[in-house]
Each structure stands twice: as structure tokens, then as C-alpha cells.
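Hello,

Here is the structure we talked about handing over. Please have a look, then read the notes below.

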Amino acid sequence: MTGIRRREFLALTAIGALSAAACGNRDPVVVRLASGEAGGFYHAFARLLADVAAATGAVRIEPLTTSGSQENLDLLGAGLADAALALADSARSAPGSAVALGRVYENYLQLAVRADGPIRAVDELRGARVNLGAAGSGAALTGERLLRAAGIDPARDITVEHRSLSDAAVALRAGSIDALLWAGGVPTGALEVPARMRLLDLGELAAPLRASYGPVYDRVAIPADAYPGAAAVHTVGVANLLLTTPALPDRAAAAIVDLLAGHPDDLVPAEAAGTQFLDVRSLIGTGPIPLHPGAAAAYRRRHG
């Protein structure tokens, strides 16, 4: 090979390598997102985020169906998920390296009992069989705190079960449990509260929960007819965080921030009653969990 031909060959090789690298950089990063139970708000939100991501092409979201916050955090810590949705109170047990992409929306605690039963308030649950969310869900943790705030010892005063939401709804209607607690959207698609179920008012428990565990709990309202025929009640709202680890590439973190901040109206499940929504003004309010550097840079580019 002559010197000129050799130089041409090396130049073409370099151009090819740069082109290949450029193509590689354009390939979207795959993010496995631990979400929640099918029919729940976490799962619905993750699916919407995946759909919006697919339309933009900057990142690819692969939702993982899980039991909820606690399992999501376990998957994130084990490296089996790249991102995870978790209730803010559960997020305190996130892996030490966990960082946040944003505060996305608020889950509402909802406690249903049989409409034809005697239970009218939380403090009347003593002796009852209560489903406190699926094992691995955030409701399992928050539910125990809620009961303690009402003066009920979960280990002594009630019989606790941990069934999936759909199984627990069937059990409540059949009378094999007395109450069903879950944390989710309003309404929750997997559970259309029929006439023979009634939501208990939990609003008075927000203040003692805040006093005991910090400002992650809010008093919020579930409007009348959010579920067909249901009365308006107050309850406790808990912020949801979208978490990841520093291993997530900065460009993927920034791409997800752009999805959250740039497409908020596309990320609210259609069945939501307007009581919960993605608020671009509070995305950075992730409390003690610091923002991923790539996410922080993306927010600065947007808001300075």
C-alpha cells in the first residue's frame, strides 16, 4: 500500500469509526422502570411515560410490573431496574446511592370497608381483618403508620393481610376481609368502588403522621363521585418520587426530565379525576434525595 493510499485508508477508517460512534450516541438508552401492579396508578404512569419516550426517541422506557414501592427499591438496589417509582416515605429506605429524577405526582391513601358493615371510622378497625397493600408495596409501610396514628397497633389490634389489590377487592366484597387499604390514583382503575364499599375519611390523620414522620404527608380531598356514587372524603396524600442511581447516563436522565417537564399533560392517566397530576413547578422537590447530576443540569437549562 502506497503512502497516499494508506493515508486515504486511515482517513476513511477514522471517518467510519466516528460515524459509528455518532450512530451509537443516537441510540436511545434503555431504562428499566420498576412501576407497580397492573391497573394501578404507578403502572399506568409508567406506560404513559414509555409511550411518550417512544414518540420522542431520546430514551426507551421498559416498565416492569411489580407490587410497588418496596419491591421497586429492592430492584433498584440490586441493579435489576434502572429507575423506580416510590412513595416519598418509602424512599427513605432507598439504596444509599439513590438519586432522583423528579417528584412526579401524589398518591392518595384510600381505605375501603363494606358499605353494609358497622365500621365508620379508622379507630373502629380493632378486631378487623385488614389488607394493608400487597407485600412489597409502599402501602404496607404507610398503612402501619396510618393505623398507629389512629391509635391502633397493627401487630395486636387487627389481623393484617397482604394481598394484591385485585384479590383484596374480591375478598372485601366476599366478606373474607373487613377493610382494604391502598395507595394510588383517584380513581384507581383496578378498583371501581361499587355501592357496597365505602371509603373512610382519613383526613384527621395527616397531622399526626406529619408530626411523627415529617412533612411527606398532606391532607387532601377525594371529590364526590370520583368513584360512582361515593361521597367526598378527605384522606392522606404522599408524594411519589422517580428514582435512579448515578449509573444512569446523564443524557438519559436529562431526556427523562425533558419528558416530565415537556409533556406533563400526556403523563396523566385518562381516568384520573383531576385530583392528581404532574406539576412541573414541584418536580425538583425531592426532599432528602438529591437530584441526579444529569437531571439537575436539565432543570437548570430550563429554569436557570
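**What turned up**

The charged end of Arg-145 lies over the Tyr-213 ring, at 4.1 Å from the ring centre. Keep in mind that this is a predicted model.

**Aromatic pairs**

Searching the whole structure gives three aromatic pairs. One of them is Phe-41 with Tyr-105, edge-to-face, with 4.7 Å centre to centre and 65° between the planes. This pair links distant parts of the chain. Phe-41 belongs to helix α2 (residues 41–56) and Tyr-105 to strand β4, 64 residues apart. Phe-41 has a relative accessible area of 6%, so it is buried. Tyr-105 is buried too, at 5% relative accessibility.

Tyr-105 also pairs with Tyr-42. That pair is edge-to-face as well: 6.5 Å centre to centre, 80° between the planes. Because Tyr-42 sits in helix α2 and Tyr-105 in strand β4, the pair ties together parts 63 residues apart in sequence. Tyr-42 counts as buried, with 7% relative accessibility.

**Ser-90**

Where does Ser-90 sit? It is in the loop between β3 (83–87) and β4 (99–114). Ser-90 counts as buried because its relative accessibility is 0%, under the 20% cut-off. Its side chain makes a polar contact of 3.1 Å with the side chain of Gln-70. Leaving aside residues up to four places away in sequence, Ser-90 touches Ser-69, Gln-70, Leu-73, Gly-138 and Leu-141.

Best regards

Conventions: Residues numbered from 1 in each chain as written. Predicted model: local features only at pLDDT ≥ 70, side-chain atom pairs only at ≥ 80, totals over all residues. Heavy atoms only, no water. Helix = DSSP H or I, 4+ residues; strand = E, 2+ residues; numbered from the N terminus. Buried < 20%, exposed > 50% of the residue type's maximum accessible area, 1.4 Å probe, protein only. Polar contact = N/O pair within 3.5 Å; in protein donor to acceptor, adjacent residues only side chain to side chain. Contact = heavy atoms within 4.5 Å. Phe/Tyr/Trp six-rings, centres within 6.5 Å; stacked < 30°, edge-to-face > 60°. Lys NZ or Arg CZ within 6 Å of the ring centre and 35° of its normal.
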